[in-house]
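Here is my note on this model, written as numbered points. Please keep the structure open while you read.

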Amino acid sequence: MAIDSEIPSAFAVRRCKAKFVTPAKPSPHERKLLSDIDDQQSLRFQVPYNQFYRFDPAMQGKDPVKIIRRRSKKTLVFYYPFAGRLREGVNGKLIVDCTGEGVLFIEADADLTVEQFGAALHPPFPFFDELLYNVPGSDETLNYPLLLIQVTRLKCGSFIFAIRFNHVICDGTGIKQFMFDMGEIARGASSCSISSVWEKHLFDAEDPPLVTFKHHEYDEVEATAAATWPSDNLVQRSFFFGPDEVSVLRMLLPTHLHNFTKFELLTACLWRCRTIALNLDPDEKVRMLCAANLRPRSNPSLPSGYYGNAFVFPSEITTVGKLVRNPLGYAVELVKQVKANTKMEYPKSVAALMVSRGKQLHLPNVMGSYIISDLTKMGYEEVDFGWGKAVFAGPAKALGVISFFIESNKKGEDGTLVPICLPAPAMERFADELDILKQQPMEDKKS
């Protein structure tokens, strides 16, 4: 799916120097422990989101930069750990030092209209680095700001709200809660409708720690030249799956395979096509990891307002040869098994693994690992700073081996948008494989 934008190759973005936004009131100066799950090396990265808001005549004369900056100060009163800094304690234990130093905020103006981004706003966004400027040094984990916000006014009166957060401090649900509360306060609320809750100990290991599952997601993988994820020649594209595309894929499954979800079907399809596109050795092991939200599975339930990380990466493993030689149904069965692994005991087992084997464990950042995070039910577009709902809201791009499922609409048709990141030659093969899969004869259904 090509990006249908009309953005010129050169345009002006005028940025003010990044400044710190601090809580509007003095906040507790204390040290808060992160959970044993938060400690893993795999979460020490930055996640960029952006939200596009159209001009609203009712807000004529009101400045989104001033409103959001001022209201972010009030919101940080309730989320004061975000204004602190990460420290590392004994044995790699992560701690938030609640210093109140603040989050980074950038004011900007762009010589663009929202229409120039195209009728279907979706990642990857051209020149996104201009719309969320990486302040030098700000993307480090320890001793640096945990949030970076940029609000960019567009010449049509619309604006873009972009935010980047360090994943050790919260997950997608947590950052949505923070933004939603900021929106409520921007519209006049004096406090958050749901009190923010820290309670990170809920995802600590038992004493003594007990690993009860096999965690292939943390297998040590030899970093050969062929397997290592490259740092250059990477391209980004998004692929849309509407009702017609999903219907075609469903017809490729054998009749005995039923009770599968759209998520399982699309994940299996993407995993298989991606593996073929990468031209990996047939005997190489490949992993499918699904970011599983623990909130609906928690028993007892997590406190309302909990904004920390509450997810794990259950996985399944197979070989390249088995995945590509078998029909699509084989991959669907494996993905179903990934989801079945997400029992309430699983996060405690992950936490125990972190404690028993040190905090240095990380997910293999190699060609043969693929991670899917389903954000279709997140509702990021509901964040309203006074200009109504966002016309696009969500991740700005795929992040290496991580793809996101994003709720989208193309030419009036609702569906799922998936940003993909691959080396340039593999991206061409990936698109070709998707087309081939859609054109397979009906006889494959019986195989």
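1. Arg153 is buried, with a relative accessible area of 17%. Here buried means under 20% relative accessible area, exposed means over 50%, and partly exposed lies in between (1.4 Å probe, protein chains only). The model is predicted: local features need pLDDT of at least 70, side-chain atom pairs count only at pLDDT 80 or more, and totals for chains, interfaces and linings use all residues. Residues are numbered from 1 along each chain as its sequence is written, and side-chain values use heavy atoms, with hydrogens and water left out.

2. Which residue forms a salt bridge with Arg153 at 2.9 Å? Asp63 does, and 2.9 Å separates the closest N and O atoms. A salt bridge is a side-chain nitrogen of Lys or Arg within 4 Å of a carboxyl oxygen of Asp or Glu. Arg153 sits in strand E8 (residues 147–154), while Asp63 is in the loop between strand E4 (46–53) and helix H1 (64–78). Helices (H or I, at least four residues) and strands (E, at least two) are DSSP runs, numbered from the N terminus. Asp63 also counts as buried, at 18% relative accessibility.

3. Arg153 has another salt bridge, to Glu107, at 2.7 Å from N to O. Shared partners join the salt bridges of Asp63, Arg69, Glu107, Asp109 and Arg153 into one network.

4. How many salt bridges does a search of the whole structure find? The count is 20. One of them joins the side chains of Glu130 and Arg15, at 3.1 Å from N to O. Glu130 is in helix H2 (residues 128–131) and Arg15 in strand E1 (residues 13–15), 115 residues apart. Glu130 is partly exposed at 32% relative accessibility. Arg15 is partly exposed too, at 33%.

5. Now the pockets. On a 1 Å grid over the protein atoms alone, a pocket is an open set of points where a 1.4 Å probe fits, with protein on both sides within 12 Å along at least five of seven lines; lining residues have an atom within 4 Å of a point. Grid points are joined across faces, edges and corners, and a volume is the space filled by probe spheres set on the points. The largest pocket has a volume of about 960 Å³. Its lining has 41 residues, and Ala291, Ser373, Asp374, Leu375 and Thr376 lie nearest its centre. Elements giving two or more residues to this lining include E4, helix H3 (172–186) and strand E17 (413–423). By class, the lining of the largest pocket has 20 nonpolar, eleven polar and ten charged residues. Ala, Val, Leu, Ile, Met, Phe, Trp, Tyr, Cys and Pro count as nonpolar, Asp, Glu, Lys and Arg as charged, and the others, Gly among them, as polar.

6. The second largest pocket holds about 810 Å³ of space. It is lined by 29 residues, with Phe45, Gln46, Leu399, Gly400 and Ile402 nearest its centre. E4, H2 and strand E10 (234–241) each give two or more residues to this lining. Which element gives the most? E10 does, with three residues. The classes here are 16 nonpolar, eight polar and five charged.

7. Look at H3 next. The expected span of a helix is 1.5 Å times one less than its number of residues. H3 has 15 residues and should span 21 Å; its end C-alpha atoms are 21 Å apart, which agrees. Of these 15 residues, 14 are buried. Asp171 caps the N-terminal end of H3, with a side-chain oxygen 3.3 Å from the backbone nitrogen of Thr173. Gly188 follows H3 and has a positive phi, near 115°.

8. Check the backbone as well. A cis peptide bond joins Pro123 and Pro124, with omega about -5°. Pro124 is in the loop between E7 and H2. Another cis peptide bond joins Asp207 and Pro208, with omega about 5°. Pro208 is in the loop between H3 and E10.

9. Two asparagines deserve a look. Asn143 is not a glycine, yet its phi is positive, about 70°. Asn143 is in the loop between H2 and E8 and is partly exposed, at 47% relative accessibility. Asn233 has a positive phi of about 60° and lies in the loop between H3 and E10.

Methods:
A polar contact is a pair of N or O atoms within 3.5 Å; within protein, one must be able to donate a hydrogen and the other to accept it, and residues adjacent in sequence count only if both atoms are side-chain atoms.
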